[in-house]
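Please keep the sequence and the 3D view open while reading.

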Amino acid sequence: MSYLVLARKWRPIRFSEVVGQEHAVSALKNSISSKNIHHAYLFTGTRGIGKTSIARILAKALNCSKLTDNSEPCNNCESCNSINDGAAIDFIEIDAASRRGIEDTKNLLETISYLPSSSNYKIYLIDEVHMLTPESFNALLKNLEEPPPHVIFMFATTEYKKILPTIISRCLQVNLNPVSKKTIENKLAEIFSKEKIKYDENSLGLISEAAYGSIRDALSISEKVISFCNRNLKEKEVREVLGIPEPEVIARLLKSILDEDVKEAISILENYGEYEDHEFLLKSLMDLIQDIAISQFEKKSSKKSNHNNFLNTDPSKLQFLFQLGLTNLKYFSFGYDSFSILKMTLLKMIAFSPESQKKNPLIIKDQENFEIDWPKIFKDLNLNGMSKNLLKQASVVLYENKLKISLPKNILVILNDDQKNDIEKSFKDFLKKDLICTYDDDVNINQTPENEEKNKDKGFKKNIKKIMEKDKNYNEIVSTLKVKSVKFNKKNET
Ligand SMILES: [Zn+2]
């Protein structure tokens with residue numbers, strides 16, 4: 001028999017073999033046993049958690065000629081076998097990523113009027129359905145409104161938000177969750193013992209951690225690790241293959257951040273390597289921070305020895321570090337160099353911590369450091385109308401390359417990122433240097449362009465009055481106007 005990769009060999013073929021999706025599986029089995037069959041199903045969830053596997057099992061169950069009492073497909077009848085072998089005529093599987101155009105969809109939809117050849121239903125499974133073009137979606141929608149009774153649609157997607165609401169509303173939605181680490185570990189233990197692969201407990205934990213909730217990824221990672229470790233998995237080697245740092249490295253990294261030791265932090269990163277999984281390193285650091293925070297709350301020492309050195313850390317500092325890590329995780333999906341993202345995140349953790357702000361404030365209060373004539377510069381900044389209007393009420397202080405922009409609270413809250421970018425760019429262009437910009441509501445109203453304008457206005461009016469008072473004609477006109485002032489009184493009105 002030819003060699004089958006683990007992920008294919010252990011792909012579930014009945015509901016009871018599906019891992020970590022109990023709620024979805026039991027809902028589907030109930031709908032089968034109560035004969036409450038929908039004409040369209042939408043499976044949603046991240047990659048590798050069993051969307052198409054469950055759809056296939058459901059398709060088998062719907063077309064099985066010897067369905068078990070437990071609503072499981074028999075995996076033995078002609079229909080089940082043909083689906084398992086990928087040769088079914090009445091179960092049509094399409095990958096929308098490669099066949100997304102209207103012509104493909106039209107060709108497909110033309111076949112739905114034909115009755116199934118030998119089964120109860122003709123079932124269409126469209127994977128990555130969000131990839132279909134809008135025209136294809138529209139064509140599909142028409143068929144979803146009134147499908148022939150022998151047709152069932154199954155859609156799977158990792159990007160639920162890209163599906164038209166009109167499609168979603170016509171489907172029974174089956175949400176699948178990322179599989180928990182513990183569940184993946186248990187499944188791996190089961191598979192490894194059946195496959196006669198030796199392992200230590202920690203290596204299972206490492207593999208399931210690196211799989212980020214995907215059972216398929218856990219199996220393909222295992223494949224790699226098994227061949228590297230020659231079917232005998234040991235923690236140290238598994239770490240090496242997966243590029244997962246030792247817990248001590250993460251603890252040293254956290255210490256360097258708390259000590260504000262930039263040199264040490266960077267040197268740890270550089271030793272870890274430029275080509276490793278930097279997102280994973282940041283997540284490991286956040287896991288450690290989280291564990292420490294929880295131990296602090298529980299007021300007990302942790303089982304993990306390297307946590308205990310950190311138990312006296314200021315809890316708000318831990319919250320700050322975790323929050324900063326969380327905010328920066330999103331940047332890893334931007335396609336920018338992950339090593340740089342990690343380095344900058346760690347620098348932020350050090351430079352922007354509440355303590356270092358106190359020691360070396362980016363917020364400048366000292367008016368003596370006022371290096372620019374702000375109201376004067378204001379006129380020359382190249383800004384769009386909206387940003388310029390907002391900045392009218394700002395006071396600005398520049399100290400070296402740190403620019404503090406102070407705005408009234410009501411403006412500060414509505415200022416969006418585009419406007420900030422616009423403002424920062426205009427300052428950088430004007431001052432011809434790189435700037436670190438900070439915002440606060442500590443406005444010095446005597447220093448705003450708006451105030452300057454008002455003063456000028458007042459001055460202008462005063463000057464005009466002076467000139468006019470010197471004018472003979474003006475005085476004559478004023479003296480001829482006999483203005484009486486009348487007092488209005490409510491009592492007198494009636
Ligand atoms: Zn069957």
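Helices (H or I, at least four residues) and strands (E, at least two) are DSSP runs, numbered from the N terminus, and two strands pair if DSSP finds at least two bridges between them. The model is predicted, with local features needing pLDDT of at least 70 and side-chain atom pairs counting only at pLDDT 80 or more, while totals for chains, interfaces and linings use all residues. Residues are numbered from 1 along each chain as its sequence is written.

The open sheet to which these strands belong has 3 strands in the order β8-β9-β10, with mixed pairing. Its edge strands, each pairing on one side only, are β8 (395–399) and β10 (436–440). Neighbouring strands here are turned against each other by 20 degrees on average, direction ignored.

## The sheet of five strands

Another open sheet has 5 strands in the order β2-β3-β4-β1-β5, and its pairing is parallel. At its edges lie β2 (91–95) and β5 (172–175), each of which pairs on one side only, and the twist from one strand to the next averages 15 degrees.

Strand β2 is joined by 5 bridges to the parallel strand β3 (residues 122–127), where Y124 is the bridge partner of I92. Helix α3 packs on this sheet and touches β1 (40–44), β2, β3 and β4 (151–157), with a direction at about 180 degrees to that of β3. Contact between two residues is taken to exist if their C-beta atoms, placed from the backbone, lie within 7 Å.

## Two helix pairs

The axes of helix α5 (residues 102–110) and helix α6 (residues 134–145) come within 8 Å and cross at roughly 20 degrees, which makes α5 roughly parallel to α6. Axes are lines fitted to C-alpha atoms, for helices over the stretch in contact, and angles run from 0 to 180 degrees between N-to-C directions; angles under 35 degrees count as roughly parallel, over 145 as roughly antiparallel, 65 to 115 as roughly perpendicular and the rest as oblique. I102, T105, K106 and L109 of α5 make the contact with E135, S136, A139, L140 and N143 of α6.

For helix α14 (residues 278–298) and helix α15 (residues 315–329), the axes come within 10 Å and cross at roughly 155 degrees, and α14 and α15 are therefore roughly antiparallel to each other. Residues of this contact include L282, M286 and I289 of α14 and L318, F322 and G325 of α15.

## Confidence along the chain

The chain has a mean pLDDT (the predictor's confidence in each residue, from 0 to 100) of 85, and 87% of its residues reach 70 or more. Confidence is highest in helix α3 (residues 51–63), at a mean of 97, and lowest in helix α24 (residues 490–493), at 46.

Over residues 361–370 the pLDDT stays under 50, and the model has 15 contacts for this stretch beyond four places in sequence. Where pLDDT is low, the predicted coordinates should not be read in detail.
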